[in-house]
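Please read them with the view open beside the text.

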Amino acid sequence: MTAPDPDSSEKSSDATVLPQPPAHKGAISKSGIILGPDGKPCRSCNSYRDMANMSAMLTGGKSKSTPLSAVVSPPPQERTDCPPDVEQLGRSTWTLLHSITATYPTSPTPSQKSDMQSFLSILSRVYPCWVCAEDFSVWMKQPANTPKLDSQEDFGRWMCNAHNEVNKKLGKPEFDCNFWKERWRDGWKDGRCD
Ligand SMILES: Cc1cc2nc3c(=O)[nH]c(=O)nc-3n(C[C@H](O)[C@H](O)[C@H](O)COP(=O)(O)OP(=O)(O)OC[C@H]3O[C@@H](n4cnc5c(N)ncnc54)[C@H](O)[C@@H]3O)c2cc1C
C-alpha cells in the first residue's frame, strides 16, 4: 500500500494541462504557472510576483480570466532568506556564468575547452528552472549557437549573446556586447567599480 503524500494538499489546484513535457520535468498550468515534477508550482521557474498573483486568483481575489500580467502589487515577501525565484536564480547564475568567461584563459588548452563544453551542456540539463533549461539547450544546439571556446574574447561574447537571447525572449533590452569586459571583468572606465 502506498502511503498518502503528506504534501498533497499543497499541490496546485490549478494543475491543468497544456501540452505535457517529459514526466521528469513538469507542466504548465492553465494560468501560466510553471509546475515542477511534483505537480506543485516550481519556485525556480516562476517569479514570486506571479506566484502571489496566482494565489490571489485562486483564493477569489481576482477573476480567473484576469491575465497574470494584469494583476499587480502582490504582498511583499515577509523574509529575505527565501528560496530563489526564477529572477533571483537567473541573476545569480548569470553572475557566475559571465564571471567564468571573465577568468577563462585567453588561449585555452583542448582540455580546458572540453571541460567548459561539458560544464555548459550539463548546466543546460540540470538548471533548476526546467523551461529555462530546455530553451537554453535548444538554442545552444543550433549550429550557429554552439559555444565559442577558442579564446576568452570568443567565449565572453558568446555568453553575452546567449544572455541577450533570453533578454529578447523576456522583452528586456539587449546588452551591447562590446562592453562585456567592462561589465564582467575590468570594471567601467569611470572608475566607479574601483
Ligand atoms: C541560462 C538561463 C536561462 C534563463 N531563461 C529564463 C526563461 O526562460 N524565463 C525567465 O523568466 N527567466 C529566465 N532566466 C532568468 C533571466 O535571464 C533573468 O536572470 C531574470 O529575469 C532577472 O533579470 P534581471 O533583469 O534582474 O537581469 P539579468 O538578466 O539577470 O542580468 C543581470 C545583469 O547582467 C547584465 N547583463 C544583461 N544582459 C547581459 C548580456 N547580454 N551580457 C552581459 N551582461 C548582461 C546586466 O548588468 C544585468 O543587470 C534565465 C537565466 C539563465 C541563466
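1. Helix H2 gives the largest share of the shell around the ligand, with seven residues; helices here are DSSP runs of H or I with at least four residues, numbered from the N terminus. Please bear in mind that this is a predicted model, in which local features need pLDDT of at least 70 and side-chain atom pairs count only at pLDDT 80 or more, while totals for chains, interfaces and linings use all residues. Residues are numbered from 1 along each chain as its sequence is written.

2. The ligand is surrounded by 22 residues, of which Gly90, Cys132, Cys160, His163 and Phe175 are the closest; a residue is near a molecule if its C-beta atom, placed from the backbone, lies within 6 Å of it. Two or more residues of this shell come from each of helix H2 (86-102), helix H4 (130-141), helix H5 (152-169) and helix H6 (180-186).

3. By class, the shell around the ligand holds 11 nonpolar, six polar and five charged residues, where Ala, Val, Leu, Ile, Met, Phe, Trp, Tyr, Cys and Pro count as nonpolar, Asp, Glu, Lys and Arg as charged, and the others, Gly among them, as polar.

4. The domain assignment, whose bounds come from an automatic or database source, gives domain 1 (10-70) and domain 2 (86-186). Seven residues of domain 1 are in contact with seven residues of domain 2, contact meaning that the C-beta atoms, placed from the backbone, lie within 7 Å.

Definitions and conventions. Two residues are in contact if their C-beta atoms, placed from the backbone, lie within 7 Å.
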